Amino acid sequence: MTATASTTAPAANARALGLAHYAARGVLEHVLAQHGTTFQQQIALRAATTADAPQTSDDLVSQVRGSLKADPADIRATLDELLARELLVEDGTHLRPTDAAHELLAAIGADSGPISARIWGGIPEEDLIAAGRVLTLITERADAELAALTA
């Protein structure tokens, strides 16, 4: 009988979660570097391009901070970089993604899509659902702990 990851892998823990995160992020950062883009820039652009309504810089800082737990000053510097690259433009008090931003994200998606398919492919749906439940709970608990630490 051949062993599978589901029968031989240890229970999930913080180390396993961290290793998975950094392995996947390393892959993405390699793709992003080929497009001259940083991880934080990509997160900010995605927030701007997927928003239901125009976003102010404060809105985007809040969204990126919620995702990355990054320093607001660093996020504002990232928004300035995106403005300088003309991936975002000011429209009154709002920042809007440009066509170039949409094209960049599409190119990143085209380059990272096949890699993601290889990484995620073949994982049983029930395993993905269970992992999703666990990761959501861990995120909620960690966010609560961080809020308590920074209050």
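Author: Helices (H or I, at least four residues) and strands (E, at least two) are DSSP runs, numbered from the N terminus. This is a predicted model, in which local features need pLDDT of at least 70 and side-chain atom pairs 80 or more, while totals for chains, interfaces and linings use all residues. Residues are numbered from 1 along each chain as its sequence is written, and side-chain values use heavy atoms, without hydrogens or water.

Reader: OK. How many helices and strands in the chain?

Author: The chain has 7 helices and 3 strands. From the N terminus, the order is α-α-α-β-α-α-β-β-α-α.

Reader: And what does the C-alpha trace span?

Author: About 65 × 40 × 25 Å along the principal axes of the chain.

Reader: What share of the chain is buried?

Author: Of the 151 residues, 21% are buried (under 20% relative accessible area; exposed is over 50%, partly exposed in between; 1.4 Å probe, protein chains only).

Reader: Now the loops. Where does E86 lie?

Author: E86 is in the loop between α5 and β2. E86 is not a glycine, yet its phi is positive, near 60°. E86 counts as exposed, because its relative accessibility is 57%.

Reader: Which other non-glycine has a positive phi?

Author: K69 has one, at about 60°. The loop that holds K69 runs between α4 and α5. With a relative accessibility of 39%, K69 is classed as partly exposed.

Reader: Switching to the sheet. What is the strand order?

Author: The order is β1-β3-β2, in an open sheet of 3 strands with antiparallel pairing (two strands pair if DSSP finds at least two bridges between them). The strands at the edges are β1 (55-56) and β2 (88-91), and each of these pairs on one side only.

Reader: How many bridges between β2 and β3?

Author: There are 4, in the antiparallel sense, with β3 covering residues 94-97. On β3, the residue opposite E90 is L95.

Reader: Next, salt bridges. How many are there?

Author: The structure has 4 (a side-chain nitrogen of Lys or Arg within 4 Å of a carboxyl oxygen of Asp or Glu). I'll go through some of them.

Reader: Start with R96. Which residue is its partner?

Author: D91 is the partner of R96, and the closest N and O atoms of the pair are 2.3 Å apart. R96 is partly exposed, with 34% relative accessibility. D91 falls in the partly exposed class with a relative accessible area of 37%.

Reader: What about E29? Which residue does it pair with?

Author: E29 pairs with R25, with 2.6 Å between the closest N and O atoms. Helix α2 (residues 14-34) holds both E29 and R25, which are 4 residues apart, or about one turn of the helix. E29 is partly exposed at 34% relative accessibility, and R25 is partly exposed at 27%.

Reader: Which residue meets D58?

Author: R76 does: the side chains of D58 and R76 form a salt bridge, 2.5 Å from N to O. This pair links distant parts of the chain, with D58 in helix α4 (residues 57-68) and R76 in helix α5, 18 residues apart. For D58 the relative accessible area is 47%, so D58 is partly exposed. R76 is partly exposed too, at 34%.

Reader: Since α5 came up: how does α3 pack on it, angle and axis distance?

Author: Helix α3 (residues 39-50) and helix α5 (residues 72-84) pack at about 75°, and their axes are 10 Å apart. The two helices are therefore roughly perpendicular (65 to 115 degrees; under 35 is roughly parallel, over 145 roughly antiparallel, the rest oblique). Axes are lines fitted to C-alpha atoms, for helices over the stretch in contact, with angles from 0 to 180 degrees between N-to-C directions.

Reader: Which residues meet there?

Author: From α3, Q40, Q41, A44 and L45. On the α5 side they meet D74, I75, T78, L79, E81 and L82.

Reader: Last one. How far is D74 from I138, C-alpha to C-alpha?

Author: The separation is 25 Å, and the two residues are 64 apart along the chain. I138 belongs to helix α7 (residues 125-150). The relative accessible area of I138 is 38%, which means partly exposed.

How values were computed: Contact means heavy atoms within 4.5 Å.
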